[in-house]
Every structure is written in C-alpha cells, then in structure tokens.
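Hi everyone, thanks for coming. Have a look at the structure on the screen, and I'll talk you through a few spots in it.

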Amino acid sequence: MPYTEAKEHAPGQLHAIFADPYSAFDNQVIERQLHLRVALEALVLAPMSRGKLVLRVIYGWENGGFEPADLAHSDHRIGSLEDLRQAVDRYHQAFEASQPFPQDDASLLARPLEHAIIRAEANGQALDEETRTIPARWPAFDQGLYLYTFFKVYHRLTYGEDETYRSISCMTPAGHREVHEFHLEEGEFAVVSPAEKDTTVDTLLVLHESQLVPVLQLLKGCRGNA
C-alpha cells in the first residue's frame with residue numbers, strides 16, 4: 001500500500017467544526033466540555049440515532065504485550081444508550097463471574113496480516129522475519145500500512161497516550177475512513193467514520209474493555225443523563 005493511503009494528524013470532520021481540534025479538548029480550554037459534546041454528537045450520537053453505530057470492544061493485550069493473535073474483540077450494534085448499557089453489563093457480568101469476555105470469531109490483526117503476507121509472497125515479494133513480525137515494517141507490503149495504522153490505534157487505546165486528540169486518514173479494505181482518537185480524563189476511545197460522511201456506512205466506536213463504564217457515563221452526560 002502506498003504511504004499516501006494512511007496519514008496521521010490528517011484533517012477530518014472536526015476540522016470543519018473547530019478552528020483547531022487538537023487543542024479543543026485540552027483541560028485548560030474554558031469551553032472544553034461544550035467542544036466535547038459537539039464532537040460526540042457529530043461523531044457518535046448522530047450515527048447512533050441512525051442505527052449506524054457499532055461498538056467494538058477490544059481486550060487481550062496485557063503487561064506490554066502486543067501480539068496480533070492475542071488481540072480479541074466483540075462488536076455490538078448500538079441504537080441507543082440503553083443498548084450501550086446492556087453491552088457494558090455483559091462485560092461486567094462476565095468479569096464478576098470470572099467468565100470469558102464476549103468474543104467475535106473475526107480477527108482484527110492476526111488473520112488479515114497473515115492473508116496480506118500470503119498475497120505479497122504470491123506476488124513475488126520476499127519478506128524476511130522482521131518484516132513479518134515487526135509492526136513498523138508492515139507498510140513494506142500491500143495493506144500493511146492499513147494494518148500498522150490500526151495496530152497503533154489499538155495499542156494506544158490499550159496502553160494510553162499523552163496526546164488528547166488525534167485525527168487519522170486511512171484507506172481500508174472497506175473504503176476510506178477517518179479515525180478520531182480521544183484520550184481524555186473522562187475516557188479513552190476512537191471513532192472510525194466514513195470519510196465521505198456516507199450515512200449508509202457504519203461508524204465504529206472502539207475502546208478497551210476497561211473504558212466501557214467511563215465512556216457510557218461520558219455519552220450519558222452528553223444526552224443529559226438520559
């Protein structure tokens with residue numbers, strides 16, 4: 001994949017709303033809470049009201065680990081805050097009962113990475129072990145940059161990030177997407193939106209399982225605790 005098909009710190013939807021979205025959510029900004037409500041209404045609550053929001057909960061990486069095969073997830077279609085609360089409850093109940101978390105069969109990184117490597121080698125590209133196993137080397141083969149971009153998103157959502165907001169443009173197998181990352185004192189999450197504002201395409205709300213309750217509370221606050 002050409003390097004031009006994924007770019008961090010790229011202009012996105014929030015650049016049309018805020019003069020400088022990278023500073024709009026800083027703690028010292030007086031209108032920070034208003035900015036946050038406006039952003040969440042545009043990125044999360046609007047697609048939720050259209051039935052086009054999917055919650056993606058990730059987990060599995062622990063103690064600094066980041067093996068693609070260890071990253072698990074589950075997807076939940078969210079049409080209301082009550083749907084989100086039910087998803088939160090599923091995880092809470094599993095935790096309390098020492099049961100496995102919900103898990104989808106689809107692989108976020110491991111299988112797509114394997115398939116991308118197979119395609120590259122079938123096209124005559126020789127890949128050494130470092131290129132196969134070091135995420136920063138994945139852009140050397142087709143769709144590797146897309147995988148590396150989302151690897152970094154998942155890693156930051158798992159282990160934290162100092163930067164309050166980050167906007168990413170990325171061409172995925174499903175089409176052009178914007179990734180909006182938020183690392184706030186209220187919660188850490190990412191929103192993966194169709195770049196062309198296509199209202200027929202799902203928006204993903206991606207977060208680590210540890211952020212389920214904080215993000216639910218954050219969104220309830222935006223809706224007046226409804």
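Let's begin with a question: is His 73 buried or exposed? One thing to keep in mind as we go is that this is a predicted model. Okay, so His 73 has a relative accessible area of 2%, and because the cut-off for buried is under 20%, His 73 counts as buried. You'll find His 73 in strand E3, which covers residues 72-78. And who are the neighbours? Leaving out residues up to four places away in sequence, His 73 touches Arg 56, Val 57, Ile 58 and Tyr 59, and also Pro 102, Gln 103, Asp 104, Ala 106 and Leu 108.

Let me zoom out for a moment. The chain has 7 helices and 7 strands. If you walk along from the N terminus, the order is β-α-α-β-β-α-α-α-α-β-β-β-β-α. The C-alpha atoms fill a box of roughly 55 × 45 × 35 Å along the principal axes. How does the radius of gyration compare with that of a compact globule? For 226 residues, a compact globule would come out near 17 Å, and the chain has 18 Å, so the two agree.

What about inside and outside? Of the 226 residues, 48% count as buried. The chain exposes about 11,100 Å², and carbon and sulfur atoms supply 49% of that. Then there are the charges: 20 positive and 34 negative, with mean positions 5 Å apart. And if you take contacts between residues at least 6 apart in sequence, 58% of them join residues at least 24 apart.

Ser 167 sits in strand E4, residues 165-172. Its relative accessible area is 0%, so Ser 167 counts as buried. What does the side chain of Ser 167 reach? The answer is the backbone oxygen of Ala 10, at 2.7 Å. Again leaving out residues up to four places away in sequence, the residues that Ser 167 touches include Lys 7, Glu 8, His 9, Ala 10, Tyr 22 and His 180.

Where is it? His 9 is in the loop between strand E1 (6-8) and helix H1 (21-24). His 9 has 41% relative accessibility, which means that it counts as partly exposed.

There's another residue with a positive phi. Ser 98 isn't a glycine either, and its phi is near 55°. Look for Ser 98 in the loop between helix H3 (81-96) and helix H4 (110-122). Is Ser 98 buried or exposed? With 65% relative accessibility, Ser 98 counts as exposed.

One last stop, Ser 23. This one is in helix H1. Ser 23 has a relative accessible area of 27%, so it is partly exposed.

Note on methods: Residues numbered from 1 in each chain as written. Predicted model: local features only at pLDDT ≥ 70, side-chain atom pairs only at ≥ 80, totals over all residues. Heavy atoms only, no water. Helix = DSSP H or I, 4+ residues; strand = E, 2+ residues; numbered from the N terminus. Buried < 20%, exposed > 50% of the residue type's maximum accessible area, 1.4 Å probe, protein only. Rg over C-alpha atoms; globule rule 2.2 N^0.38 Å. Contact = heavy atoms within 4.5 Å. Areas by Shrake-Rupley, 256 points an atom, 1.4 Å probe, with all protein chains shown as cover. Lys, Arg positive; Asp, Glu negative; His and termini not counted. Charge placed at Lys NZ, Arg CZ, Asp CG, Glu CD. Polar contact = N/O pair within 3.5 Å; in protein donor to acceptor, adjacent residues only side chain to side chain.
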